[in-house]
Amino acid sequence: MKKKLSLALITILSTMMFSACSNPSSNTSSNASQSKSGKHTFGVICQALNSEYWKGFAQGARDGAAEVGVEVVINGPNAETMVTEQIAMIEDMMTNGVDALLVAANQPDSIKPTFDKAKQTGIPVMEVDVECGWTGRVCYVGAGNYNGGKAAGEWYNTHLEKGSKIAIIRGALGDPTHDLRVNGCTDTLDKSFQVVANQPANSEREKAVGVMENILTANPDIKAVFCTNDEMALGALKAIQAQKLDIKCIGFDGNLDALESVKENGLAATVSCVGYDIAKLAVITMEKHLNASEPKKSEEQVFVPPTAVDITNVDIFIKAAEDLKAKAK
């Protein structure tokens, strides 16, 4: 099983792999404008600011900025479904003259025209956490949501009886982040498993309670449920425990409350993508890209490997999450 990347390793990776983010199709210059302090200013846009994952992501951006001597302006909407609001935040940052944009997009297709505007004004854009496939990007830095879904599928293949029925509770329909997580899981599952439900709960804990109750009414014999974020997993678990059922529920993000649930034999596992590490590496990588005198053509993706965290390795992740939560206050 893969282990979480250490912060030291992230720094090494950023040094080795920043050239991976030098896309020759971009028209940005290495002589980017700088703030009055003499430092570059990066606009960092989260999908939302309403969960432990995105709070950790924001802290990672701040720590990456401190390490390489840049300034960051961090923003994000109140919910992952607020696409229009997120686009307005990006445009505001462009108007205010940031030197680069690092964006975890809520809706890639909707956001690409805004990325086009940034490119036209000479502001480099990095896709972070969520891969949009926009051709003008500096690069993508993240865990790869498909890879995270695969980690969940592989866990089920090892821990679930063959022929079992599985349900899926996912984020908003049409959200490519959750599409990738679902597809990574279902593509990896043993062919004997039956996926009997695939329903949205819009990344919300309370909504997932009702969705899980409906799934259990229609499919009382399911043995597992994969939820594409921890908020929904904890909601689904509430419905499962209310009926005293033995159903292996896996979440996604590796938030502290989900990790504690794993420790207490609630959730079976959570897929940890460590938003802190992703954001820190993204900031470091962007600064190296801007400072490179001769950017080299290479790959356009930098991955921080996801990990399925269960009772066997949860203590390590809880300690890291507690340290981060204390730091982010």
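Q: What is the strand order in the open sheet, and what pairing does it have?
A: In this predicted model, the open sheet of six strands runs in the order β2-β1-β3-β4-β5-β11, and the pairing is parallel.

Q: Which strands are at the edges?
A: Those are β2, residues 71-75, and β11, residues 301-303; each of them pairs on one side only.

Q: And how are neighbouring strands turned against each other?
A: On average the angle between neighbours in this sheet is 20 degrees, with direction ignored.

Q: How many bridges join β5 and β11?
A: Three bridges, in the parallel sense, with β5 covering residues 140-142.

Q: What stands opposite V141 there?
A: V141 faces V302 of β11.

Q: Moving to helices, which strands does α10 lie across?
A: Helix α10, residues 275-291, lies across β1 (41-45), β2, β3 (100-103), β4 (125-128), β5 and β11. Relative to β4, α10 runs at about 160 degrees.

Q: How do α2 and α10 pack?
A: The axes of α2 (residues 52-68) and α10 are 7 Å apart, at an angle of about 35 degrees.

Q: Is that crossing left-handed or right-handed?
A: The crossing of α2 and α10 is right-handed.

Q: Which residues make the contact?
A: From α2, they include Y53, G56, F57, G60, A61, G64, A65 and V68. On the α10 side, G275, Y276, I278, A279, K280, V283, I284 and E287 take part.

Q: How many of the contact residues are nonpolar, polar and charged?
A: The contact of α2 with α10 has ten nonpolar, five polar and four charged residues.

Q: Is V274 buried or exposed?
A: V274 counts as buried, because its relative accessibility is 14% and the cut-off for buried is under 20%.

Q: What is the C-alpha separation of V274 and G254?
A: Their C-alpha atoms are separated by 6.9 Å, while the two residues are 20 residues apart along the chain.

Q: And N313, where is its place?
A: N313 belongs to the loop between β12 (307-309) and α11 (314-328).

Q: What does the side chain of N313 reach?
A: The N313 side chain reaches the backbone nitrogen of D310, at 2.9 Å.

Terms used. Residues are numbered from 1 along each chain as its sequence is written. This is a predicted model: local features need pLDDT of at least 70, side-chain atom pairs count only at pLDDT 80 or more; totals for chains, interfaces and linings use all residues. Side-chain values use heavy atoms; hydrogens and water are left out. Two strands pair if DSSP finds at least two bridges between them. Helices (H or I, at least four residues) and strands (E, at least two) are DSSP runs, numbered from the N terminus. Axes are lines fitted to C-alpha atoms, for helices over the stretch in contact, and angles run from 0 to 180 degrees between N-to-C directions. Contact means heavy atoms within 4.5 Å. A crossing is left-handed if the near helix is turned anticlockwise from the far one by less than a right angle, and right-handed if clockwise. Ala, Val, Leu, Ile, Met, Phe, Trp, Tyr, Cys and Pro count as nonpolar, Asp, Glu, Lys and Arg as charged, and the others, Gly among them, as polar. A polar contact is a pair of N or O atoms within 3.5 Å; within protein, one must be able to donate a hydrogen and the other to accept it, and residues adjacent in sequence count only if both atoms are side-chain atoms. Buried means under 20% relative accessible area, exposed over 50%, partly exposed in between (1.4 Å probe, protein chains only).
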